[in-house]
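Colleague: Could you walk me through this model before I start on my own notes? I would like to begin with the core and then move on to the charged and aromatic pairs.

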Amino acid sequence: MNRVSYAYSYPRLELEQVFKIKRAKSLVEAARFIEYCFAPGHTSEPFVQLVEIRESQGKTSYTVVAEWIPRYRVWLSPLKAAGFEPARY
């Protein structure tokens, strides 16, 4: 059985160091939670990562789905945030 949950993390932390979003049942709800909690002026974090956690047969995998930039109120793909694609704000 595959279980999917969502969490947030910061780029400076290891990927396994995540903070679960308990109320988010979908990717959209998790994104809204992050946009609300990490609004400009309410956080000093430059980036916040949206992480998808999949648990299947005793194995847990973590995937960074997107990165939120509070200063510009924009979502970036992980490849753009890592510098592999040009970023457009």
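Modeller: The largest nonpolar core is made of 12 residues, namely Y6, Y8, Y10, I21, A24, A30, A31, I34, F38, V48, L50 and W68. A nonpolar core here is a set of buried Ala, Val, Leu, Ile, Met, Phe, Trp, Tyr and Cys residues joined through side-chain atoms within 4.5 Å, and buried means under 20% relative accessible area, with exposed over 50% and partly exposed in between (1.4 Å probe, protein chains only). Please keep in mind that this is a predicted model, in which local features need pLDDT of at least 70 and side-chain atom pairs count only at pLDDT 80 or more, while totals for chains, interfaces and linings use all residues. Residues are numbered from 1 along each chain as its sequence is written, and side-chain values use heavy atoms, with hydrogens and water left out.

Colleague: Which elements give two or more residues to this core?

Modeller: Those elements are β1, α1 and β3, and the largest share, 3 residues, comes from α1. Helices (H or I, at least four residues) and strands (E, at least two) are DSSP runs, numbered from the N terminus.

Colleague: Switching to charges, how many salt bridges does the structure hold?

Modeller: It holds 4 salt bridges, a salt bridge being a side-chain nitrogen of Lys or Arg within 4 Å of a carboxyl oxygen of Asp or Glu. In one of them the side chains of R12 and E45 meet at 2.7 Å, N to O. R12 lies in the loop between β1 (3-9) and β2 (19-20) and E45 in the loop between α1 (27-37) and β3 (48-56), so this pair ties together parts that are 33 residues apart in sequence.

Colleague: What about E55 and K20?

Modeller: Their side chains meet in a salt bridge at 3.7 Å, N to O. E55 lies in strand β3 and K20 in strand β2, so the pair ties together parts that are 35 residues apart in sequence. Both residues are partly exposed, E55 with a relative accessible area of 23% and K20 at 48%.

Colleague: Which residue does R54 form a salt bridge with?

Modeller: R54 pairs with E52, the closest N and O atoms being 3.3 Å apart. R54 counts as partly exposed at 38% relative accessibility, while E52 counts as buried at 15%. Salt bridges that share partners also join R3, K20 and E55 into one network.

Colleague: Now the rings: how many aromatic pairs are there in the whole structure?

Modeller: The search finds 7 aromatic pairs. Rings of Phe, Tyr and Trp (its six-membered ring) pair if their centres lie within 6.5 Å; planes under 30 degrees apart count as stacked, over 60 as edge-to-face and the rest as tilted.

Colleague: Why is the pair of W68 and W75 called tilted?

Modeller: Their ring centres are 5.1 Å apart and their planes stand at 45°, so the pair is tilted. W68 is buried with a relative accessible area of 2%, and W75 is partly exposed at 25%. Elsewhere, Y8, Y10, F19, F33 and F38 form one aromatic cluster.
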